[in-house]
Amino acid sequence: MTYLDYQATTPLAPEVKAAMLPWLDRFANPHSPNREGRAAAAAIEFARSQVASCLPPGGEVLFTSGATEAINLALKGVHAPGRTKLVTVATEHAAVLDCCDWLGERGLEVIRLPVRGDGLVRLEEVEAAVDERTLLVAAMLVNNEIGVVQPVAEVAAIAHRSGALMLCDAVQGFGRMVMPDGPDLIAACAHKVHGPKMIGALWRRNGLTPEPLIHGGGQERGLRSGTLSPMLCAGFGAAAALAAERREADSQHMAHLWDVALEALGPGWEINGSVGQRYRGNLNIRCDGLDGARLLADLRDIAFSLGSACASGSGRQSHVLRALGLSDAQARSSIRLGFGRYTSEQELADACARIAATAEMQGRFAA
Ligand code: PLP
């Protein structure tokens, strides 16, 4: 199996596994005052500092069950008198869009800004949408479907000029790139950076206290009740530390793999979204006449994707590709190849050559 679905999730790093394993047996409750409990709490605090080292200074990491929860906490938890408007972007992840819709049904005004053909939001359109009634602007760092990098720092500056907050869904960029300064709230998770699933974080700027979604024992400074898992926190911390340590090497590897993939695919493919403003571990491409779903079925030993894991499963057309202005036929002929730290040049080249050959066969039979 060649794994080319790094945007859906990533393989657990051996270093991360090693950091997690002791906490399978060390079962103490990190919120207990006894010695083992305190040791577990210390491990969690160490992990918190490791995660924080990938995030801007001047804020604090709250552990959550994942980025989806972090996004829900950020969007549903902030309030300000007289501010009843949310501004977001049409290509955000469902965690942001569905949450905004939910808030919209409860009386908030929600503006979804369009993107251009390159997948990027235009700052003048952000500027025009944000005003003194805006509570929060939500924009992601790296798009999970097409990999384009939004101008997060600039969007945050616009939000702040009107006194609004800015939330950044940084899931796909966390650890891989230096976090832009500006957002007041940042959502991230471990499983996109070779960490375990079901653990994420909401970073909040000092002084900002979202109203909790989950009530109970008052853990995480009363903002997220529930017993923390030392094993998952340790895994997230180790994954973050490793990502920071390997940032340059990983990014060079990815840039090389990008070239290898394009070379092996050959002519006839168009890249969806900006090429310049992009995370290079995400190659979303289309080929005229290709049936992406059939390609997926024809090449079962290559794990790639048609869009986000959620959109692929539901059979829904990708809202991201639609927002780029692609026709239904173009969206159907698009595939997403995601590669990263553990992808070898050879396996990627082989997989891309097989994808290209199978796509060509499809074209020949269709003609
Ligand atoms: N945001 C983006 C951009 C994602 O890619 C994902 C994961 O698919 C999420 C949010 C949700 O993250 P989690 O799986 O931690 O809930």
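Which strands does helix H4 (residues 67-77) lie across? In this predicted model, in which local features need pLDDT of at least 70, side-chain atom pairs count only at pLDDT 80 or more, and totals for chains, interfaces and linings use all residues, helix H4 lies across E2, strand E5 (134-138), strand E6 (165-169), strand E7 (185-189) and strand E8 (200-205), contact meaning heavy atoms within 4.5 Å. Residues are numbered from 1 along each chain as its sequence is written, and side-chain values use heavy atoms, with hydrogens and water left out. Helix H4 runs at about 165 degrees to E7, where axes are lines fitted to C-alpha atoms, for helices over the stretch in contact, and angles run from 0 to 180 degrees between N-to-C directions.

Seven strands make up an open sheet of mixed pairing, in the order E2-E8-E7-E6-E5-E3-E4; helices (H or I, at least four residues) and strands (E, at least two) are DSSP runs numbered from the N terminus, and two strands pair if DSSP finds at least two bridges between them. Strand E2 (59-64) and strand E4 (109-113) are the edge strands, each pairing on one side only, and the twist averages 20 degrees from one strand to the next. Strand E3 (residues 85-89) pairs with E4 in the parallel sense over five bridges.

Among the residues that surround the ligand are Thr68, His93 and Asp169, a residue being near a molecule if one of its heavy atoms lies within 4 Å of it. An N or O atom in the side chain of Thr68 is 2.5 Å from an oxygen atom of the ligand, whereas an N or O atom in the side chain of Asp169 is 2.6 Å from a ligand nitrogen atom.

Definitions and conventions
A polar contact is a pair of N or O atoms within 3.5 Å; within protein, one must be able to donate a hydrogen and the other to accept it, and residues adjacent in sequence count only if both atoms are side-chain atoms.
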